[in-house]
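Hi everyone, thanks for coming.

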Amino acid sequence: MEVKALKEACVLHSPLTNMPYVECEQKDFNDQVRLYEVKTEAEEALKELEKQGIRVTVQELKTVEVRLPVNAKQPEGEKKNLYLNQVRQLLSTLPYMGVNAVGYKPKGKKLQTVELAGLLPEELQKKVNASSLYQPNLQLTGLYLMQEARRKKEYVDMKQLHAMDEEFCSNLVKSRLFLGVVPPEGQEEEQKFDLTKCQIPYIKHQNGDRFLPVFTDIWEFQKYIQGKKNLRPIQVPFPEIGRFWVKDAKAYMINPMGFSLPVTKEMIPKMLDRFGVKENPS
């Protein structure tokens with residue numbers, strides 16, 4: 001398979017979601033990202049999308065050499081050289097995003113849709129689908145929603161935006177979101193700890209606004225906690241998320257390292273009522 005053999009390529013990336021640009025291809029309605037063998041053709045595609053009010057950037061993927069410790073428990077010990085193929089790394093993240101295909105353009109040829117089923121181990125897709133730690137439909141509908149909502153205003157299709165919002169919110173009210181907490185002193189290594197005594201961190205925007213970070217899946221949570229060793233994940237059903245709050249926060253922020261979608265506390269009961277989901281008291 002040509003895509004699996006790539007040692008370098010370019011992917012279209014969305015600055016509107018901090019994630020690869022996702023689109024629904026019109027033949028079989030696969031949800032796909034676009035991958036290009038050569039950078040110049042990716043840049044041509046970027047210009048065509050800009051004409052539609054869609055902002056993307058071209059991100060180069062390469063095979064890079066990294067030095068890692070031979071023994072993970074001895075990070076300062078003997079090192080070994082490994083080669084990281086960023087194309088394969090990208091492909092392996094797509095199931096977590098709800099993406100099921102790649103729109104691949106070889107040099108000088110037409111864009112062709114290649115389904116992930118032929119590129120990735122079947123076990124990976126089964127793992128994602130079977131695990132409560134991942135919610136690919138919620139992630140995917142959030143990406144589509146924010147790509148459309150953040151387009152240039154004159155290009156936004158309000159009917160389509162409303163439909164995307166409806167689908168995302170329908171998934172959200174049925175979801176279980178991840179929240180990061182700092183366990184009470186002395187309970188850092190415990191499997192169970194008293195949630196009422198936990199600290200809940202917040203994100204402070206440059207304008208001073210505070211947001212409470214929440215996550216669609218453990219993958220998004222792990223992207224956020226790099227360097228934050230004391231942060232532990234808990235999974236909370238969406239109707240109960242109002243129990244967790246930070247004083248003076250402006251809103252929850254879903255996937256701050258990804259599509260960064262704010263949801264105010266006041267919006268939660270309205271969404272639950274809209275979709276007939278029973279609200280749990282905060």
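I'll go through a helix, a few single residues and a pocket. One thing before I start: this is a predicted model.

Let's begin with helix 7, which runs over residues 267–274. Which residues of helix 7 are buried? They are Ile268, Met271 and Leu272. Those three cover an arc of only 100° around the axis, and that puts them on the same side of helix 7. If you're new to helices, here's the background: an α-helix has 3.6 residues a turn, so residues three or four places apart point the same way. After helix 7 comes Gly276, with a positive phi near 70°.

Staying with phi for a moment, here is a general point: most residues other than glycine have a negative phi. Now look at Asp248, which isn't a glycine and still has a positive phi, near 70°. You'll find Asp248 in the loop between strand 13 (232–237) and strand 14. Is Asp248 buried or exposed? Its relative accessibility is 59%, so Asp248 counts as exposed. Ser260 is another non-glycine residue with a positive phi, this one near 50°. Ser260 sits in the loop between strand 14 and strand 15. With a relative accessibility of 18%, Ser260 counts as buried, because the cut-off for buried is under 20%.

Next up is Asn85, which belongs to strand 7, residues 79–85. Asn85 is buried, and its relative accessible area is 12%. What does the side chain of Asn85 do? One of its polar atoms lies 2.9 Å from the backbone nitrogen of Val87. There is also a polar atom of that side chain 3.1 Å from the backbone nitrogen of Arg88. Beyond its neighbours within four places in sequence, Asn85 is in contact with Leu6, Lys7, Lys62 and Thr63.

Where is Pro106? It's in the loop between strand 8 (101–105) and strand 9 (112–115). Pro106 has a relative accessibility of 1%, so it counts as buried. Leaving out residues up to four places away in sequence, Pro106 touches Glu2, Glu37, Glu41 and Gln112.

Now over to helix 4, where we find Gln139. Gln139 has 0% relative accessibility, so it counts as buried. Which residues does Gln139 touch, not counting residues up to four places away in sequence? The list is Met19, Tyr96, Met97, Thr216, Asp217, Trp219, Glu220, Asn255 and Phe259.

Last stop: empty space. Rolling a probe the size of a water molecule over the atoms shows where empty space is left. How much space lies in the largest pocket? It's about 380 Å³. The elements giving two or more residues to the lining of the largest pocket are strand 3 (22–24), helix 4 (136–149) and helix 5. In total, 16 residues line the largest pocket, and those nearest its centre are Tyr21, Val22, Glu23, Cys24 and Gln160. By type, the lining divides into 8 nonpolar, 4 polar and 4 charged residues.

That's my tour, so please go ahead and ask away.

Methods. Residues numbered from 1 in each chain as written. Predicted model: local features only at pLDDT ≥ 70, side-chain atom pairs only at ≥ 80, totals over all residues. Heavy atoms only, no water. Buried < 20%, exposed > 50% of the residue type's maximum accessible area, 1.4 Å probe, protein only. Helix = DSSP H or I, 4+ residues; strand = E, 2+ residues; numbered from the N terminus. Arc of directions from axis to C-beta. Contact = heavy atoms within 4.5 Å. Polar contact = N/O pair within 3.5 Å; in protein donor to acceptor, adjacent residues only side chain to side chain. 1 Å grid on protein atoms, 1.4 Å probe; cavity = no way out; pocket = protein on both sides within 12 Å on 5 of 7 lines; lining within 4 Å. Points joined across faces, edges and corners; volume = space filled by probe spheres on them. Nonpolar A, V, L, I, M, F, W, Y, C, P; charged D, E, K, R; others polar.
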